[in-house]
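The sequence and the model are shown here.

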Amino acid sequence: MTTGIVKAVFPAAGLGTRFLPATKASPKEMLALVDKPLIQYVVEEAVASGIEEIVLVTGRGKRAIEDHFDVAFELEEDLKAKGKHKLLSEIQRIANLVTFCYIRQKKALGLGHAVLTAKRVVGDDPFAVLLGDDIIDAEVPALKQMMGIYKRYPSTILAIQKVPRSQTQNYGIIDAKKIENGVYLVKDLVEKPSPDKAPSNLAIIGRYILTPGIFNALEETKPGKGGEIQLTDGLRLLMEDQPIYAYEVQGIRHDCGDKLGFLKATVEFGLKNMEFGSEFKQYLQKLKL
């Protein structure tokens with residue numbers, strides 16, 4: 001067993017129903033946030049955090065993700081012939097970001113099931129899980145922040161953020177004891193509780209560091225609604241054998257699995273763009289919103 005976190009699992013087999021019809025034939029993960037697909041932002045976060053191998057759990061119709069991170073010989077030759085060296089360099093960089101391993105999840109049976117499909121590749125090492133819906137704009141990459149917490153508390157770490165009580169039904173919510181600034185010992189997890197039944201307003205977001213014990217827990221987890229195996233249920237079983245901690249990630253989280261969240265992220269990332277951000281700002285100001 002290694003002491004560091006060098007492997008990450010990216011569940012990407014979902015059907016993207018919240019973005020239909022845009023995702024009918026195109027993977028949700030490939031939606032462009034300004035000038036990069038959503039999944040590239042998350043991959044770059046993982047690489048900047050020290051991840052060396054990404055296990056991408058895909059499904060039918062997700063081939064575009066594999067192609068995006070592969071070598072594009074014809075495109076590279078075309079850019080080279082036209083003297084577009086800056087674009088060529090960027091395309092080559094994308095293909096060499098990190099080592100990928102692709103696994104098919106034949107049926108979208110929940111996040112817990114997606115993680116479980118990566119068991120043979122991950123082995124007995126702790127690993128990260130990153131969800132492509134969550135784009136976290138942070139000075140220090142969100143996963144890197146969590147790795148710092150893992151060094152002090154070498155157990156499962158959940159990324160959390162405070163949400164309005166009125167939104168608890170959209171998240172997994174933790175009941176926890178604060179042990180230091182931004183760090184909590186988890187006492188319970190509740191999947192999408194109504195505001196009046198939520199134990200707190202601390203919501204689990206799309207970053208996890210998991211110990212290999214999660215695989216046994218998920219194998220024992222009974223399928224819930226729609227036959228899906230929920231990661232939250234597996235974590236509750238895991239908590240019976242080992243502690244679980246939660247960390248309040250520092251940064252701005254954008255829920256890009258939601259149409260409004262995606263639009264907000266597009267505006268904010270557009271304004272920060274070095275190439276046209278100032279011109280975009282002037283355009284927005286002219287709209288007199």
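Predicted model: local features only at pLDDT ≥ 70, side-chain atom pairs only at ≥ 80, totals over all residues.

Residues are numbered from 1 along each chain as its sequence is written, and side-chain values use heavy atoms, with hydrogens and water left out.

**Largest pocket**
- The largest pocket has a volume of about 1,600 Å³ (the space filled by probe spheres set on grid points, which are joined across faces, edges and corners).
- A pocket is an open set of points on a 1 Å grid over the protein atoms alone, where a 1.4 Å probe fits, with protein on both sides within 12 Å along at least five of seven lines, and lining residues have an atom within 4 Å of a point.
- Its lining comprises 48 residues, of which Arg18, Lys28, Leu131, Asp133 and Lys192 lie nearest the centre.

**Second largest pocket**
- The second largest pocket, with a volume of about 820 Å³, is lined by 29 residues, and Asp35, Lys36, Tyr41, Glu44 and Phe269 lie nearest its centre.

**Threonine 211**
- Threonine 211 counts as buried because its relative accessibility is 9% (buried means under 20% relative accessible area, with a 1.4 Å probe and protein chains only).
- Leaving aside neighbours within four places in sequence, threonine 211 is in contact (heavy atoms within 4.5 Å) with Pro126, Phe127, Ser155, Thr156, Leu238 and Gln242.

How values were computed:
Buried < 20%, exposed > 50% of the residue type's maximum accessible area, 1.4 Å probe, protein only.
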